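Let's walk through this structure together, beginning at the ligand and then stepping back to the whole chain.

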Amino acid sequence: MFNAKHVDQLRRIVGKDNVLATQEELLAYSYDATNMWQHLPDVVVLPTNANQISDILKLANESRIPVTPRGGGTNVSGGSIPIKGGIVLCTTRMNRIIEINRTNLNATVEPGVILQDLQEALAKEGLFFPPDPQSAQGCTMGGVVAENSGGPSCLKYGVAKQYVLGLEVVLADGRIVKLGGLTPKNRTGYELAMLFTGSEGTLGVISKITLRLLPSQKSSQTIVAVISDVAVAGETVTEIIASGVLPSKVEFVDNWTFEKFRGLLPDEILDKSQVILLIQVDGLPETVEAEAQQVVDICQSRAGEVKVAQNQAEADRYWQARTAHFSDISSRTHTIVNEDVSVPRDKIADFIKLGQESAKKYDVPISFAGHVGDGNFHPVVLTDSRNKEHYNRSLKCVEEIIEIALSLGGVLSGEHGIGLEKQRFLKKAMDPAAIEIMKAIKDVLDPNHILNPGKIWEETSD
Ligand SMILES: Cc1cc2nc3c(=O)[nH]c(=O)nc-3n(C[C@H](O)[C@H](O)[C@H](O)COP(=O)(O)OP(=O)(O)OC[C@H]3O[C@@H](n4cnc5c(N)ncnc54)[C@H](O)[C@@H]3O)c2cc1C
């Protein structure tokens with residue numbers, strides 16, 4: 001159990017400037033990007049190296065103090081909420097890009113490096129790390145790996161796990177372990193680095209990351225299609241993918257966020273439409289041109305308006321409007337219930353139709369947006385938690401939407417993880433034997449359950 005003497009011990013480990021313990025400071029680390037979860041930690045520590053993390057964990061393990069790893073706190077599943085109090089171990093002061101190696105096409109970074117800082121540093125070298133969560137300005141590389149994050153570019157390039165070559169991880173008992181390595185091929189024993197990728201801070205604290213990189217793409221084009229009907233938009237995406245073009249991004253926003261596109265697209269078309277598809281193709285200039293034309297041809301038969309961005313500045317404006325979706329929709333109401341299901345691509349239109357019917361049945365406003373090209377949707381129900389009756393209807397709607405996704409062969413979370421937000425659905429979505437295996441792994445690596453306790457599975461089922 002945590003007590004005041006632990007604060008002094010932590011100050012001795014990381015230095016007094018790297019321990020935060022006032023009420024105001026604790027409050028700042030009591031929430032993440034979800035809107036219904038909050039819990040105060042007892043203390044926040046900001047280590048600056050792996051040895052300090054090791055000493056913090058040894059202390060916590062001996063005294064059975066919960067430790068919640070945290071990067072930017074941008075996750076939307078409650079993953080970094082210190083739900084049991086104790087220590088928040090925040091890595092944002094471990095923010096060095098240790099090496100970018102053009103010859104080996106890899107980079108080694110500390111976990112607190114902000115994704116956008118890494119993207120900018122890589123771009124200067126003509127290199128590219130594709131996973132691009134729309135929170136790039138605030139999320140850290142530790143969070144990206146611990147959540148196995150995705151984003152628009154994952155349609156063509158895959159999610160974070162496809163780029164993790166090696167990890168240094170500090171285990172609950174303080175051991176510092178090196179997993180994987182520097183080479184793209186490595187068949188040495190079990191893929192233990194993958195075990196920690198997507199483990200949501202429950203198995204160890206990631207203290208160093210080596211990433212596989214790609215050369216930057218030579219060119220890209222952005223195509224915007226404004227479509228009158230949601231289901232038609234779903235069918236359009238299915239057809240694009242089936243036609244043999246693999247765009248780097250196919251994003252979907254519905255008319256809840258059309259305001260962000262005013263001035264970029266004709267008002268009269270926006271006023272009578274339901275969906276904007278934002279598509280990017282990339283590669284060599286000749287390929288890009290041919291692929292963009294193929295996408296335009298498919299969209300033209302279904303869309304009220306199809307535009308190809310004339311230059312990068314115009315393309316950037318469309319993508320900025322897309323990136324603003326989450327903050328825009330959040331500003332429309334007191335509470336949002338934000339989902340993150342993923343369905344097979346040939347079920348996209350069915351999923352949207354059934355999701356809309358569910359929202360009608362529960363009489364709640366719903367917005368659909370997401371990385372539709374890989375079937376990953378973020379339906380958002382707009383509600384107000386102060387109105388219990390409305391809020392409960394919203395939760396029921398979301399529950400039904402999850403059921404719909406699962407019944408179509410989809411998954412509970414495409415990229416946001418389980419955390420606190422989705423643990424009540426885990427039993428429905430995962431083989432019970434697989435849950436038992438996860439718990440057994442947890443017991444081996446963290447027998448005292450100090451690391452991010454209360455996450456992923458419900459404790460009643462422990
Ligand atoms: C506006 C917005 C847009 C978003 N868009 C996307 C998107 O497109 N795609 C997507 O996948 N996600 C998206 N997210 C979710 C989120 O930003 C990502 O999951 C992100 O990678 C989290 O990084 P973070 O540093 O903020 O992690 P945090 O929120 O601090 O932590 C996330 C989880 O990782 C664990 N963790 C953090 N650091 C470590 C570490 N060093 N070692 C072990 N565990 C650790 C935490 O315990 C927690 O469980 C979005 C969020 C917002 C608010």
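Helix 5 gives the shell around the ligand its largest share, four residues. Helices here are DSSP runs of H or I with at least four residues, strands are E runs of at least two, and both are numbered from the N terminus. Helix 5 spans 141–146, and along with strand 3 (67–70) and strand 10 (205–212) belongs to the elements that each supply at least two shell residues. Keep in mind that this is a predicted model, where local features need pLDDT of at least 70, side-chain atom pairs count only at pLDDT 80 or more, and totals for chains, interfaces and linings use all residues. Residues are numbered from 1 along each chain as its sequence is written.

In total, 36 residues surround the ligand, and the closest are G71, G79, G142, G143 and G201; a residue is near when its C-beta atom, placed from the backbone, lies within 6 Å. Both domain 1 (4–90) and domain 2 (97–215) contribute at least three residues to this shell, with bounds taken from an automatic or database domain assignment.

Now step back to the chain, whose secondary structure comes to 16 helices and 21 strands. Its C-alpha atoms fill a box of roughly 70 × 60 × 40 Å along the principal axes. Of the 462 residues, 48% are buried, a label for those with 20 or more other C-beta atoms, placed from the backbone, within 10 Å of their own. Among contacts with a separation of 6 or more, 73% join residues 24 or more positions apart, a contact being two C-beta atoms, placed from the backbone, within 7 Å.

Methods
A residue is buried if 20 or more other C-beta atoms lie within 10 Å of its own, exposed if 12 or fewer, and partly exposed in between; C-beta atoms are placed from the backbone.
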